[in-house]
Amino acid sequence: MATAYTCEHLSTQLGPGSPGRGQYEMLLKRLVYPRSPVERVLKSQKQKCAQCDSTARVHACLLCVHFGCYGNGHIQGHVDAAHPAGGSQARLSVDLSSGQVYCHDCSDYRYDLSLLQMLRQCRRRAFKSLGVPNFFEDWIPSEEFLAVLAKNRLNLRVSTNQLLGLRGLVNLGNTCFMSCIVQALVHTPVLRDFFLLDPHSSLREHPALSCLVCEFARLFREFYSDCDNPFVPSSTLHLIWVHAHHLAGYEQQDAHEFLMAALNLLHQHFQADSGSGEPNGCTVGHQLQLQQQRSPCRCIVDQVFSGEFQSDLKCLGCDSVSRTIDPFWDISLDMNTLTSESQTLGCSLERYIAPEHLGKIRCFRCQTVQDSIKQLTFRKLPVVACFHFKRFQHACLNHRKISTHISFPELLDMTPFMSSKANHDDSLERLGKQYRLFCVVNHSGSLSAGHYTCYVRHNCNTWYKCDDHQISDVPVSEVLTSEGYLLFYHKVVLDYHVT
Amino acid sequence: MELDEKRARVRAQVNQRLIQSGERERLKELLRTRLNECGWREKLKQHCKEIVRQKGLEQITVDDLVAEITPKGRALVPDEVKKELLQRIKSFLAQTTADEK
């Protein structure tokens, strides 16, 4: 270790085998890193400046029993007064919050490798007694590691404006509805991180895998490989046909329906994994029915897309409110058919949460038939909010598409649409409700002859148009003025899961 | 003055409780983990290296480093980390007062 780190005062006073070292060790075990509740109580009582009662960075004098704080100069003052310079003993004190040694002759902290190792050991034992299994330690590379590093000095720099992650998708015959959704999912930041890191492994070597999770992992790997010519998603399409019959065939399908089917399949295949006994393995391929009731689990689909609606039914007779909470993966918004003017996402959401007068309903509480009001609000927000505009009307024989333009923002604040109005002024609370647009799926043309394209946000700030195999960069203004069928927003701030 | 004294007393009590139960160490460890995960530690480490390069290895003291990096370090703590720790402390206090009752 370099000599700038240590000093002769430290090495003589706290040298190996010296009484000073024994004293230091005792301080470490009792007051810096206590291991028992009794010792912790003692620490909470002793760790206080004798002069000002401060508990911040309190030092223990190594020459006598005295505690003084560092910030207000009290430990320095004590040592200079009670143990003036020039004496035979080194003037040292220990910071009780970190265990580091301060040399009052050098006026700085000084370090010694063997003392640091002692400190590390005491810290480990203290964490063990607290029941903290994984704690942070500075990594000290071994000699072996240093030797390997010295031999391999090649550095790779990944620049920020790379096109890695962008890839076209070949249209296999009206499959643009699938291409757009694949683009959307591949560009969902949290999903990308999950699939690129996921140790989901396939137990089956057979190419005809029927696990959609494996297929998606493969898709992500393909998109993030060095290859930039368009990818042919034939195996993805085949898997979807096998598992979701209603989407099979070469006709144009609804992109939203495809999204829901894909999410449902991923969710099921994750659940099947967790039930098969192998935590990350595939199930043996078999067809799974589309479930009507989804039970929320800890799979990535639920973690990313799952939010909660709160539906309140209020009886106007007795004022009682009956509440139900329903999970959702997407938010389907009605188009305002009464006007042909341009609409906004904000207005659509306001209409969504507006109280609705229902007819006479029998109230369970007061047992009379009364007028009631129903209101839908957002109780829990998902990490990714997918808004779906119901542009396709299938009423009897009247099939039409509503092409009214919808304007939507790049940044969305969901605060006004929440169930709970509490904490609206708390800026930290509001943070969790801010969203940023990252994908827009558009449908052009009519119901019978249409084409899907999408815009994706790549590398934080650049937008690209994905038209099957053609990828082109576009200004964000083009994205925000497009018609808007499916909008994908991502939370700006991710909350840690409260354990 | 009275309010300040009361605040100081409450702070001291909370601190004592945190140390006695060992929760303070757990919270410190959680904070350390989060700050590491978001790259805060790396950023400040780079900053420290810069300061040492400027001032010179022989002359630099811990006090110099602390004075230089404290404002930057405080400003760089992400809001979600503050939020999480605040929640943890709140639930710890709620739990301990409940236990006492």
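**Figure 1. The open sheet of chain A in the predicted model**. Five strands of chain A, in the order β2-β1-β3-β4-β5, make up an open sheet with antiparallel pairing. β2 and β5 (108–110) of chain A are the edge strands, and each of them pairs on one side only. Direction ignored, neighbouring strands of this sheet are turned by 40° against each other on average.

**Figure 2. Strand β1(A) and its two pairings**. β1(A) pairs with β2(A) in the antiparallel sense over 3 bridges. These two strands, β1(A) and β2(A), form a hairpin with 5 residues between them. Within this pairing, A:G68 in β2(A) is the bridge partner of A:H59. β1(A) is also joined to β3(A) by 3 bridges, and the two run antiparallel. Here A:V94 in β3(A) stands opposite A:A60.

**Figure 3. Side chains of strand β1(A)**. In a regular strand the side chains alternate between the two faces of the sheet. From β1(A), A:V58 and A:A60 point one way, while A:H59 and A:C61 point the other way. All of these residues are buried.

Figure 4. A:C103 has A:D108 in β5(A) as its bridge partner.

**Figure 5. Helices α2(A) and α4(A) against the strands**. Helix α2 (residues 19–32) of chain A lies across β1, β2, β3 and β4 of chain A. Relative to β3(A), helix α2(A) runs at about 25°. Helix α4 (residues 74–82) of chain A has A:H74, A:I75, A:Q76, A:H78 and A:V79 as its buried residues. The buried residues of α4(A) pack against β1 (58–61), β2 (67–69) and β3 (92–95) of chain A. An α-helix has 3.6 residues a turn, so residues three or four places apart point the same way.

**Figure 6. Packing of α5(A) with α2(B)**. Two packed helices are described by the angle between their axes and the distance between the axes. For helix α5 (residues 113–130) of chain A and helix α2 (residues 23–37) of chain B, the angle is about 110° and the axes are 11 Å apart. α5(A) is therefore roughly perpendicular to α2(B). On the side of α5(A), the contact is made by A:R123, A:F127 and A:L130. On the side of α2(B), B:E25, B:R26, B:E29 and B:R32 take part. By class, this contact of α5(A) with α2(B) has 2 nonpolar and 5 charged residues, with no polar residues.

**Figure 7. Nonpolar cores and the surroundings of A:F488**. The largest nonpolar core has 59 residues. Inside this core, the residues with the most contacts are A:F305, A:V441, A:Y452 and A:F488. Helix α11 (residues 255–275) of chain A gives the most to this core, with 10 residues. Not counting residues up to four places away in sequence, A:F488 touches A:A184, A:L259, A:V384, A:A385, A:C386, A:R436, A:L437, A:F438, A:C439 and A:V441. Another core, of 29 residues, lies apart from the largest one, and A:L381, A:F387, A:L437 and A:V479 are among its residues.

**Figure 8. Overview of chain A**. Chain A has 15 helices and 21 strands. Of the 499 residues in chain A, 42% are buried. Among the contacts in chain A with a separation of 6 or more, 64% are between residues 24 or more positions apart.

Terms used: Residues are numbered from 1 along each chain as its sequence is written. Chains are lettered from A and ligands numbered from 1 in the order in which they are written. This is a predicted model: local features need pLDDT of at least 70, side-chain atom pairs count only at pLDDT 80 or more; totals for chains, interfaces and linings use all residues. Side-chain values use heavy atoms; hydrogens and water are left out. Buried means under 20% relative accessible area, exposed over 50%, partly exposed in between (1.4 Å probe, protein chains only). Helices (H or I, at least four residues) and strands (E, at least two) are DSSP runs, numbered from the N terminus. Contact means heavy atoms within 4.5 Å. Axes are lines fitted to C-alpha atoms, for helices over the stretch in contact, and angles run from 0 to 180 degrees between N-to-C directions. Angles under 35 degrees count as roughly parallel, over 145 as roughly antiparallel, 65 to 115 as roughly perpendicular and the rest as oblique. Ala, Val, Leu, Ile, Met, Phe, Trp, Tyr, Cys and Pro count as nonpolar, Asp, Glu, Lys and Arg as charged, and the others, Gly among them, as polar. Two strands pair if DSSP finds at least two bridges between them. A nonpolar core is a set of buried Ala, Val, Leu, Ile, Met, Phe, Trp, Tyr and Cys residues joined through side-chain atoms within 4.5 Å.
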